[in-house]
Every structure is written in C-alpha cells, then in structure tokens.
Amino acid sequence: GARVGAGGSFEKLLWTLFGACLVATVIGYKPVVIVHGLFDSSGVFVELLRFINQSHPGTNVSVIDLFDRSSSLQPLWKQVEGFKEAIYPIMQNAADGVHFICYSQGGLICRGILSTLPNHNVHSFISLSSPQAGQYGDTDYLKYLFPQFMKSNLFHFCYTGVGQRISICNYWKDPHHTDMYVNGSDYLALLNSERSNPNSTVWKKNFLRIKKLVLIGGPDDGVITPWQSSQFGFYNDNETVVEIKDQDLYLRDVFGLKTLNARGDLFLCSMAGVEHVKWHSNDTVFNTCIEKWLV
C-alpha cells in the first residue's frame with residue numbers, strides 16, 4: 001500500500017508543479033531591463049535582482065552592462081544608441097513586451113530610447129530617482145568632476161561643444177541661464193522640446209507607446225537637485241520649485257506627460273529617508289513603488 005501512496009503523492013506533486021508552470025506561463029512576468037546611472041555598473045543591482053526574483057520568480061531580468069563607471073560620462077546620445085542596440089533583441093524576444101527600470105542618469109537614457117525607437121514594446125517605464133527635468137546642484141559628483149566649478153558657473157563650460165561631450169552637461173539645467181541651456185543642451189532640451197525639434201511629433205508618439213510611467217524620488221535623495229526633478233518638477237529663475245503639473249512641458253503636453261495623466265498612466269511615488277545610492281536596494285521602495293508595475 002505504501003507504494004501506491006507514494007505514487008499518489010508523486011502524481012499530486014507533478015500536477016502541482018504542472019499547475020505552477022501553467023500559471024507562470026499564463027501570467028508570464030514580462031522581462032525586466034535595468035539601466036544603471038552615472039559612475040555605476042551592473043553590479044550595483046544585486047538587491048534589486050533579489051527583490052524581483054522573490055516577488056516574481058522566473059522573471060527574466062537583464063542588467064545592461066554598458067558604459068560602466070567612467071564610460072558613463074560619454075555623451076548621452078552615444079549611450080542611447082549603445083543601450084538601444086543591446087536592448088532591442090530583448091524586446092524582439094518578448095512577445096508581450098518588457099519593463100524598464102532606469103536609475104538616475106539611466107532614466108534619461110531610457111527616455112532617449114523610448115522617444116527614438118518607433119516600435120518599442122515597453123509597458124512600465126519606472127524612472128528611479130532620475131533627473132528628468134534636469135540637474136542644478138553642488139553635489140559630491142559635481143565637486144569630483146569639476147572641482148574648479150560651483151553650480152552657478154558651470155554653465156560657462158556645460159553649454160559649449162566640449163561640455164556637451166560629457167553626459168552630466170547634457171542635462172545640466174541652469175535656471176538663471178535658460179537661453180544658453182535651450183541653445184546649448186544637445187540632449188535634454190531636445191527631449192523636452194524646449195528647443196524646437198523637428199522630430200518632436202514622432203518622438204511623442206513613440207514615447208506614448210508606454211503603458212505606465214512611474215516617477216520615483218524623494219526629499220532626502222541628496223544628489224538629484226532639486227529632488228522634484230525626479231518627478232519633472234524644477235526650479236524657476238528664482239530657484240523656487242515648480243511642480244510637474246505647473247510645468248510648461250506638462251501644460252503644453254510637449255512629449256506626452258499630460259496625455260499619460262489623462263489616460264491614468266502617470267504615477268508619482270515619493271519616499272522620504274532614502275539617499276540617492278540606496279533607491280535600488282531599499283525593500284520598502286521596491287514593495288511600495290516598483291513591484292506592482294512588473295506584471
């Protein structure tokens with residue numbers, strides 16, 4: 001009798017496993033693509049990978065290992081092309097689409113990809129503490145990169161041809177020198193259509209292929225300045241922060257933020273007490289702001 005019992009439980013186990021596989025196949029978590037930030041490499045996402053594997057077992061996660069560490073200072077359009085080439089095959093193999101988690105400077109690279117790739121299949125674009133509206137602050141990064149410059153005089157360098165060959169200058173936005181930014185920024189001013197851009201209609205259409213935009217940031221970040229830039233807020237010319245809904249690029253819907261919001265697909269997730277380098281390893285951030293979008 002014992003053998004039959006064993007056989008029965010083995011059969012039950014098989015059916016349970018089969019059921020689990022079936023569920024995984026039917027639900028089939030979409031592949032996740034992760035893009036790193038300034039001076040980072042793919043190695044910083046160990047915790048994030050663990051969170052994803054625990055919450056959504058079997059998810060295919062690709063951390064793109066390109067433009068690591070000092071190479072992350074390469075101009076952003078060059079990085080967009082490189083990342084696009086690496087990510088496109090992942091998209092092609094994902095019939096139901098993919099999710100993007102893009103951290104810090106990586107969030108701007110992902111926007112470049114989403115704007116210029118006409119047939120992308122990105123569902124959730126999760127922007128993790130990324131200077132989406134630009135950067136203007138005396139941070140440790142700045143002191144390290146440009147020890148001779150304060151934030152108030154970096155515009156002299158950043159808005160030159162030479163300056164624009166350095167990634168951080170591609171999204172450096174001096175609120176006191178808006179004209180120079182608009183004419184000098186070869187990346188962010190174009191993405192935001194702050195400079196007239198013949199591709200803006202097409203880029204907007206491409207960008208709006210995403211199903212969800214999730215903007216994560218918080219007041220204790222310490223690097224993204226102002227921190228609200230992670231949610232498209234930014235300084236006006238007297239350094240008062242103007243929130244996303246009052247921003248010209250939102251009101252005029254230049255690349256689709258207002259459309260996304262009208263569709264119910266724009267989400268802001270703010271969390272206090274998180275330093276810039278901790279966003280991707282904080283389980284509360286993952287559970288609150290990220291997990292539910294990775295389906």
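Which residue stands opposite Leu-268 in S8? Leu-215 does. The legends below set this pair in context.

The model is predicted, with local features needing pLDDT of at least 70 and side-chain atom pairs counting only at pLDDT 80 or more, while totals for chains, interfaces and linings use all residues. Residues are numbered from 1 along each chain as its sequence is written, and side-chain values use heavy atoms, leaving out hydrogens and water.

**View 1. The open sheet has six strands.**
The strand order is S2-S1-S3-S4-S5-S8, and the pairing is parallel. Strands (E, at least two residues) and helices (H or I, at least four) are DSSP runs, numbered from the N terminus; two strands pair if DSSP finds at least two bridges between them. S2 (61-63) and S8 (266-270) are at the edges with a single partner strand each, so one side of each has no neighbour in the sheet. Strands of a sheet pair through backbone hydrogen bonds, either parallel or antiparallel.

**View 2. Strand S5 (residues 212-217) pairs with S8.**
The two strands run in the parallel sense, with five bridges. Leu-213 stands opposite Leu-266 in S8. Strand S4 (residues 122-128) also pairs with S5 in the parallel sense over five bridges, and Leu-215 of S5 is the bridge partner of Ser-127. Five of the six residues of S5 are buried, so the strand is largely enclosed by the rest of the structure. Buried means under 20% relative accessible area, exposed over 50%, and partly exposed in between (1.4 Å probe, protein chains only).

**View 3. The largest nonpolar core has 63 residues.**
A nonpolar core is a set of buried Ala, Val, Leu, Ile, Met, Phe, Trp, Tyr and Cys residues joined through side-chain atoms within 4.5 Å. Ile-87, Phe-100, Phe-125 and Leu-213 touch the most other members. Helix H3 (residues 76-92) gives the largest share, six residues. Leaving aside neighbours within four places in sequence, Leu-213 has contacts (heavy atoms within 4.5 Å) that include Phe-125, Phe-207, Phe-232 and Leu-257.

**View 4. Helix H3 crosses helix H4 (residues 105-116).**
Their axes come within 9 Å and cross at roughly 70°. Axes are lines fitted to C-alpha atoms, for helices over the stretch in contact, and angles run from 0 to 180 degrees between N-to-C directions. H3 is therefore roughly perpendicular to H4, a term for angles of 65 to 115 degrees; under 35 is roughly parallel, over 145 roughly antiparallel, and the rest oblique. Among the residues making the contact are Phe-83 and Ile-87 of H3 and Leu-108 and Ile-109 of H4.
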